[in-house]
Amino acid sequence: MKEKLEQLRRQTAEALEALSDKKALEELRVRVMGKKGSLTELLRGMGALPAEERPKVGQLVNRLRQELQEKFDAREAALESAAKARRLEAERLDVTMPGKRRPAGGLHPLNQVLEELIDIFQSMGFDVVDGPEVETEHYCFEALNVPKDHPARDMQDTFYLGENLLLRTQTSAAQIRVMEGRTPPIRIICPGRVYRADEVDATHSPVFHQVEGLVVDKGVTMCDLKGVLEQFAREIYGPETRVRFRPSFFPFTEPSVEVDVSCSECGGKGCRICKGVGWIEILGAGMVHPNVLSVCGIDPEVYSGFAFGIGLDRLTTTRHRISDIRLLFENDRRFLSQFAE
Ligand code: DAH
């Protein structure tokens with residue numbers, strides 16, 4: 001009996017060493033320690049022994065059971081830690097490897113200047129509104145005091161999309177939509193694309209950008225217009241910037257002005273940027289024509305207002321000393337990357 005126990009101890013130890021996964025270990029555990037296992041069988045065989053030997057052999061069997069139990073547990077733990085080590089080795093990351101760099105984009109210079117401009121006007125209490133790029137003649141011309149066949153229409157070469165439908169030639173169209181939809185006080189800017197049938201050259205493009213501004217309230221005067229534009233020009237071009245008004249004509253304003261800022265490059269002495277005149281024209285403006293207020297249902301006897309239309313492309317090219325407007329539309333990355341932050 002003793003030999004049988006010894007043999008079982010040895011065989012089990014060898015089998016445990018030889019196996020290499022938990023499944024095989026569990027099978028072996030059942031075969032040795034299970035209800036029908038070898039050890040249980042040995043115990044059953046004890047019945048054949050003389051009575052005085054039984055307690056002793058019983059002790060031996062129990063000790064072996066204990067011992068094998070520990071051996072199984074130890075082997076199981078060893079297998080588990082080996083498996084874990086293998087898994088970690090397989091999943092190892094080399095944190096010293098160089099990462100993949102994704103080229104980051106940046107805001108287009110037009111959008112950078114636009115964001116700056118929006119900040120300035122918002123700080124003065126203006127709302128930002130949007131208007132459709134496909135407009136009717138009513139909003140783009142008629143309501144802006146430009147009747148059919150009026151010579152002022154020749155100022156803008158229009159892309160027509162059909163009878164009465166066109167690509168807006170000016171963001172001024174948004175003025176009408178805003179005045180129709182709101183009651184004064186009104187303080188808005190409307191940035192967006194505008195279209196004209198112009199030949200492409202260094203200063204012309206069939207699509208360009210304007211920012212329309214409109215203020216309507218009781219007692220609004222041209223002094224308010226000048227104050228707002230001076231504040232804007234100083235924030236964009238620097239605190240020394242001067243603003244000058246030149247008389248002009250727009251059908252939707254009376255009086256109308258062309259607005260120049262002193263050249264930020266030369267301070268007004270004259271240079272290449274301002275073509276020697278010391279001033280740069282950046283926008284058109286004026287007091288909203290009474291006819292325009294009336295068309296929108298606003299009483300010109302009670303309310304007055306001013307409006308302006310800033311050329312965003314011009315603002316951007318002079319601001320960044322860009323010599324050719326086409327650069328703003330070609331999206332050459334060698335150009336754009338110079339403006340990425
Ligand atoms: N819409 C004009 C243009 O495209 C610019 C302009 C002038 C807008 C005077 C205005 C304004 O709102 O009052 O040339």
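Mentor: Start with the lining of the largest pocket: 19 nonpolar, 18 polar and 13 charged residues. Here Ala, Val, Leu, Ile, Met, Phe, Trp, Tyr, Cys and Pro count as nonpolar, Asp, Glu, Lys and Arg as charged, and the others, Gly among them, as polar. This is a predicted model: local features need pLDDT of at least 70, side-chain atom pairs count only at pLDDT 80 or more, and totals for chains, interfaces and linings use all residues. Residues are numbered from 1 along each chain as its sequence is written, and side-chain values use heavy atoms, without hydrogens and water.

A pocket is an open set of points on a 1 Å grid over the protein atoms alone, where a 1.4 Å probe fits, with protein on both sides within 12 Å along at least five of seven lines; lining residues have an atom within 4 Å of a point. The volume of the largest pocket is about 1,300 Å³, the space filled by probe spheres set on the points, which are joined across faces, edges and corners. Its lining has 50 residues; Thr-203, Phe-208, Glu-281, Gly-311 and Arg-314 lie nearest the centre.

Strand S9 (279-288) gives the most, six residues. Strand S6 and helix H10 (312-319) are among the elements that each supply at least two. Helices (H or I, at least four residues) and strands (E, at least two) are DSSP runs, numbered from the N terminus.

Now S6 (residues 207-217): nine of its 11 residues are buried, meaning under 20% relative accessible area with a 1.4 Å probe, protein chains only. Eight bridges join S6 to S10 (residues 304-311), antiparallel. Pairing needs at least two DSSP bridges. Asp-217 has Ser-304 as its bridge partner in S10.

How values were computed. Buried < 20%, exposed > 50% of the residue type's maximum accessible area, 1.4 Å probe, protein only.
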